[in-house]
2 protein chains.
Amino acid sequence: MNLHDKRTPLSVTTGPIGKSRKVYSAPAGRPDIRVPFREIPLDPSCGEPPLRVYDQSGPYGCDAFTPDLSAGLPAARPWLSTRAGLETYAGREVKPEDNGFAEGDRLVPPCPAERKLFRAAGAEPVTQLEFARAGIVTEEMIYVAHRENLCRERALDVAKERIADGESFGADIQEFITPEFVRDEIARGRAIIPANINHPELEPVVIGRNFLVKVNANIGNSAVTSSVAEEVEKMVWASRWGADTVMDLSTGRNIHNIRDWIIRNASVPIGTVPIYQALEKVGGDALKLDWEVFKDTLIEQAEQGVDYFTIHAGVRLAYVPLTASRVTGIVSRGGSIMARWCLSKHRESFLYERFDEICDIMRKYDVSFSLGDGLRPGCNADANDAAQFAELETLGELTKIAWDKGCQVMIEGPGHVPMHKIKANMDKQLKACGEAPFYTLGPLVTDIAPGYDHITSGIGAAMIGWFGTAMLCYVTPKEHLGLPDRDDVKTGVITYRIAAHAADLAKGHPAARERDDAMSRARFDFRWTDQFEIGLDPDTAREYHDETMPKEAHKVAHFCSMCGPKFCSMQITQDLRKEAAEIAAKGMAEKAEEFIEKGAEIYVRE
Amino acid sequence: MNLHDKRTPLSVTTGPIGKSRKVYSAPAGRPDIRVPFREIPLDPSCGEPPLRVYDQSGPYGCDAFTPDLSAGLPAARPWLSTRAGLETYAGREVKPEDNGFAEGDRLVPPCPAERKLFRAAGAEPVTQLEFARAGIVTEEMIYVAHRENLCRERALDVAKERIADGESFGADIQEFITPEFVRDEIARGRAIIPANINHPELEPVVIGRNFLVKVNANIGNSAVTSSVAEEVEKMVWASRWGADTVMDLSTGRNIHNIRDWIIRNASVPIGTVPIYQALEKVGGDALKLDWEVFKDTLIEQAEQGVDYFTIHAGVRLAYVPLTASRVTGIVSRGGSIMARWCLSKHRESFLYERFDEICDIMRKYDVSFSLGDGLRPGCNADANDAAQFAELETLGELTKIAWDKGCQVMIEGPGHVPMHKIKANMDKQLKACGEAPFYTLGPLVTDIAPGYDHITSGIGAAMIGWFGTAMLCYVTPKEHLGLPDRDDVKTGVITYRIAAHAADLAKGHPAARERDDAMSRARFDFRWTDQFEIGLDPDTAREYHDETMPKEAHKVAHFCSMCGPKFCSMQITQDLRKEAAEIAAKGMAEKAEEFIEKGAEIYVRE
């Protein structure tokens with residue numbers, strides 16, 4: 001890929017992962033709602049049906065999809081165009097500052113994909129929260145219910161037992177997800193479906209503690225490097241490996257147009273931090289920021305179809321001094337900008353003072369709030385301090401205002417937190433923010449491993465996911481050091497899929513263990529190809545295996561490369577079963593027979 | 001490196017890590033006890049002394065050390081040669097079966113390094129446990145006390161506070177480690193110093209819940225691939241990156257002689273699983289195993305200087321049927337071998353029946369027990385089942401027998417365990433085994449990520465380390481797929497150092513946070529080089545940084561590659577401090593002044 005080609009997104013990765021097949025399944029009675037899954041075919045010898053797994057890859061993951069980036073993706077939510085309560089309108093003109101005054105050769109062209117522009121026409125329900133409160137089950141709710149269930153049908157008989165076997169810390173894990181349950185969770189504010197009415201390409205995703213744990217991947221150019229081709233492909237690439245949402249954190253020139261390309265080609269929800277672009281528009285000087293430029297940016301991005309906005313409205317003037325004794329001060333970009341603004345003007349920020357108006361704008365497009373933690377700790381030493389928790393209380397107050405305005409809300413969380421202080425974050429968030437979904441970055445459980453912060457943070461992510469975080473924001477190996485490349489994005493996403501899945505397992509989600517158990521059976525049967533395919537990353541698993549055992553025959557060999565042919569313990573256990581059966585057939589002394597009888601029973605396969 | 005050169009270990013990696021310097025420090029009054037550390041010099045601008053960190057690299061980590069593998073390492077425990085209670089003797093003859101009947105060109109020559117052979121002469125104390133119970137503080141105890149303290153002197157004033165701030169789940173975290181505390185912990189069986197009297201090259205390490213969490217790395221050839229050069233270098237390489245002990249799990253030909261080369265050149269404790277070699281000696285047929293061949297192998301390896309043996313004596317006949325309903329049966333190699341033996345003979349294993357005699361042999365050389373968990377779960381579905389916990393109870397009984405015989409003991413643990421079932425393992429182990437140190441493999445918190453099992457297990461390892469595990473056995477990215485290469489070993493070790501350190505932090509170890517805080521200050525000051533050097537892997541951190549920002553000038557630049565020059569939040573916070581000071585200097589309206597006065601105080605650096 002040419003890093004310097006800023007004009008044309010040339011190509012993106014397509015095709016299924018490994019030998020899996022993308023399938024669409026419609027909930028009973030709703031053939032218009034096509035919900036995507038991946039099905040992993042297993043070796044016929046095992047007699048198991050294909051394993052159905054959650055799929056974030058969008059149309060790109062299909063066998064025969066040829067993307068036309070200029071046209072954008074087909075609508076995954078065709079019902080939007082006829083939904084009541086919406087009006088079409090001309091929309092805001094794109095201004096030179098939206099693209100950082102880039103012009104001529106340096107201007108990335110806008111994405112030519114055409115879409116009708118919608119906004120709320122009046123007081124009728126527009127947001128998923130408004131629908132939910134009105135008792136209306138939307139297509140999006142039906143969609144996500146079906147999506148969450150996976151192969152939960154298959155696990156229905158053991159669902160109760162698995163839920164009881166888990167430890168969900170008070171989450172309300174369901175044996176089976178109904179659209180009505182989704183509606184109820186959204187109405188209570190415990191879940192959101194970030195889905196801007198101007199993002200019809202979106203395949204809806206539910207984010208909430210009583211659903212599968214989700215993962216966000218950040219992409220974005222920066223002043224130092226990047227291109228359109230790279231950013232669109234990063235989004236496709238991240239969702240291919242399992243990012244449920246993608247945040248576009250671009251800064252610098254062309255961000256409006258790059259965002260256009262991304263959203264028109266995104267099947268996952270897209271989040272942004274509008275203050276970054278607002279700051280660009282005023283030449284990077286935080287003191288020149290004001291409500292007008294911010295408001296204009298909100299409308300600009302809402303019209304493009306951004307699904308959630310990070311808004312750092314919790315950074316209050318009085319909290320800035322609380323960061324005084326910190327080792328690393330304020331590390332959130334948005335937090336720093338707002339702290340600087342507040343301190344210099346000696347007043348509350350326009351984000352806080354105009355919060356009502358922000359809500360009114362976001363409601364019109366059903367842009368969800370991701371209330372930013374501008375005062376999150378930047379190191380373990382600063383974790384759980386007064387500044388962080390004071391802001392969290394404010395985020396709780398703002399949540400209630402946003403809910404009153406009909407807006408969906410999630411809350412961002414840290415950051416850097418040692419293991420023993422993670423649960424306090426979760427518990428405090430649930431309490432302060434009325435159980436609004438928590439969306440955490442990591443947290444990193446130690447600061448001493450630059451180059452490995454996907455791991456330091458993956459540990460914290462798994463734990464906080466277990467404790468109740470609804471979505472985990474990934475961290476790549478390049479964190480603190482540089483910009484992630486393609487491999488880093490994949491590593492980050494897979495690490496976070498591990499964390500999310502480990503959390504689902506620990507919470508007792510009934511369908512989660514199906515995949516682990518399918519893997520374990522494949523291991524016991526030496527079905528190597530199935531092991532690769534069931535895994536999160538078939539390519540890497542196959543490659544690692546082939547390094548030691550390159551011959552195709554080894555893929556069915558009854559031994560693995562760790563122990564060699566004579567030693568493998570799984571092989572020995574299999575032999576044991578056989579042996580026990582043979583001994584039993586021959587007959588033995590009474591006591592031995594008694595044992596072998598049990599033994600035979602033990603080791604005979606069903 | 002030539003993978004096929006089985007004759008000569010050609011070279012091993014030497015020299016310090018990054019810009020750090022290996023130093024030796026002697027406890028007060030004992031200049032003969034030279035305890036190794038690494039000191040990381042920091043940029044003069046910060047005014048901080050060099051950061052002292054734990055160092056496992058042995059003499060190889062020194063600036064000017066030229067290894068002579070044929071001569072072996074110099075003695076790190078010179079006092080052994082004059083210790084009372086020991087006798088020298090001729091020792092067992094090496095037999096052809098010790099090396100799998102390899103001969104001629106296929107026989108790896110023995111390591112020519114000469115050592116006097118010792119064993120206990122009689123009933124006088126020989127093991128660290130016997131010394132400890134007799135109230136005698138050994139040189140090894142003084143050594144590890146000094147080693148554990150690191151820069152704890154520096155943190156003495158905050159030690160109480162840090163311990164109180166941690167959550168150690170009942171561990172007895174010390175403000176400062178004294179030799180007497182070590183003695184007491186060993187006497188109670190709560191800690192061990194695995195240190196065979198025939199391994200004078202060893203730099204002593206203490207393993208126990210009230211000390212820093214340790215990491216083991218496995219190496220070993222197998223029937224499929226490997227060479228001497230590779231194995232010795234793997235050991236040096238693993239300890240370089242932070243393995244506290246190394247297990248040699250070799251099978252196949254030449255294992256006696258390869259082990260010789262490894263031990264004579266190892267500054268870290270070496271563990272083995274003697275049943276593997278015993279099985280080799282009987283041609284791989286578990287049913288031909290008996291006490292005589294096993295006993296012979298124990299003596300053979302004890303004389304070579306192996307520091308701890310994994311003994312699967314807890315696999316009792318009656319427990320084998322308990323694995324009946326498992327998804328993956330028995331996955332421990334040693335466990336499978338013993339289960340097969342028990343089942344076929346319909347009797348308890350010779351490991352269980354002859355446990356007393358095993359203790360008598362191991363005591364003579366102070367080989368520590370690592371009581372193997374032969375029935376550990378091989379998948380999440382099988383975690384914490386009756387088979388696993390029944391064996392654990394038996395390990396507890398055996399612990400008491402070994403203690404009575406004067407032997408040091410640690411207990412091996414799982415394996416594959418979902419997050420919510422990890423703590424039960426730790427709690428049960430502490431109770432069943434009288435607080436003998438727990439030594440766990442992972443555990444892996446999900447089964448679905450082959451290729452990433454260093455991460456699935458690193459999550460579990462950090463948690464169980466926090467809960468009380470004394471040593472974590474690493475898992476590499478190749479787990480379940482193939483044999484780890486050099487890069488895999490490094491990745492595995494670093495992942496587990498992260499887990500161990502995260503556990504230390506969470507437990508409230510007073511000195512642990514020094515390194516995190518040094519890193520955080522370096523981040524806040526934009527001291528890039530210091531950030532690389534303080535990290536666990538300076539090479540990778542520097543490489544990642546240089547990919548985005550290759551110029552040397554950027555290493556002192558006041559911005560990083562993630563945000564670029566205008567946006568960096570740390571830069572903004574620094575500007576804030578400066579700005580506040582300037583505004584304060586100019587004077588302002590009363591209320592603003594009030595704030596700025598505080599603000600100025602906040603942001604002025606000490």
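Helices (H or I, at least four residues) and strands (E, at least two) are DSSP runs, numbered from the N terminus. The exercises below use these elements in a predicted model.

**Exercise 1. How many helices and strands are there in chain A, and what share of its residues is buried?**

Solution. 
1. Counting the runs in chain A gives 20 helices and 15 strands.
2. Chain A has 606 residues, and buried residues make up 69% of them.
3. For contacts in chain A with a separation of 6 or more, 76% come from residues 24 or more positions apart.

**Exercise 2. In which order do the eight strands of the barrel in chain A follow one another, and is the pairing parallel or antiparallel?**

Solution. 
1. In general, strands of a sheet pair through backbone hydrogen bonds, either parallel or antiparallel.
2. In chain A the order is β8-β9-β10-β11-β12-β13-β14-β15, and these eight strands close into a barrel with parallel pairing.
3. On average, neighbouring strands of this sheet are turned by 25° against each other, direction ignored.
4. A:T272 has A:F309 in β11(A) as its bridge partner.

**Exercise 3. What span should helix α8 of chain A have at 1.5 Å a residue, and how far apart are its end C-alpha atoms?**

Solution. 
1. Helix α8 of chain A covers residues 291–304, which is 14 residues.
2. The expected span is 1.5 Å times one less than the number of residues.
3. For α8 of chain A this gives 20 Å, and the end C-alpha atoms are 20 Å apart, so the two values agree.
4. At the N-terminal end, A:D290 caps α8(A), with a side-chain oxygen 3.2 Å from the backbone nitrogen of A:E292.
5. After α8(A) comes A:G305, which has a positive phi near 115°.

**Exercise 4. Why is α8(A) described as largely enclosed by the rest of the structure?**

Solution. 
1. A residue counts as buried under 20% relative accessible area.
2. Eleven of the 14 residues of α8(A) are buried, so the helix is largely enclosed.
3. Among the buried residues are A:W291, A:F294, A:L298 and A:E300.
4. The buried residues of α8(A) pack against several elements of chain A, including the helices α6 (255–264) and α11 (355–365) and the strands β10 (270–272) and β11 (308–311).

**Exercise 5. Which residues does UniProt list for "binding site", and where do they lie in chain A?**

Solution. 
1. The unreviewed UniProt entry lists A:H416 and A:H480 for "binding site".
2. They span 65 residues in sequence, yet no two of their C-alpha atoms are more than 12.2 Å apart, so they gather at one spot.
3. A:H416 is in the loop between β13 (409–413) and α13 (422–432) of chain A, while A:H480 is in the loop between β15 (471–473) and α15 (486–507) of chain A.
4. A:H416 is buried, with a relative accessible area of 7%; A:H480, at 11%, also counts as buried.
5. A polar contact of 3.5 Å joins the side chains of A:H480 and A:H416.
6. A polar atom of the A:H416 side chain also lies 3.4 Å from the backbone oxygen of A:G378.
7. Leaving aside neighbours within four places in sequence, the contacts of A:H416 include A:C379, A:D447 and, from chain B, B:R523.

Key
Residues are numbered from 1 along each chain as its sequence is written. Chains are lettered from A and ligands numbered from 1 in the order in which they are written. This is a predicted model: local features need pLDDT of at least 70, side-chain atom pairs count only at pLDDT 80 or more; totals for chains, interfaces and linings use all residues. Side-chain values use heavy atoms; hydrogens and water are left out. Buried means under 20% relative accessible area, exposed over 50%, partly exposed in between (1.4 Å probe, protein chains only). Contact means heavy atoms within 4.5 Å. A polar contact is a pair of N or O atoms within 3.5 Å; within protein, one must be able to donate a hydrogen and the other to accept it, and residues adjacent in sequence count only if both atoms are side-chain atoms. Two strands pair if DSSP finds at least two bridges between them. Axes are lines fitted to C-alpha atoms, for helices over the stretch in contact, and angles run from 0 to 180 degrees between N-to-C directions. UniProt positions are given in the numbering used here, feature names are shortened, and annotations may be inferred rather than shown by experiment.
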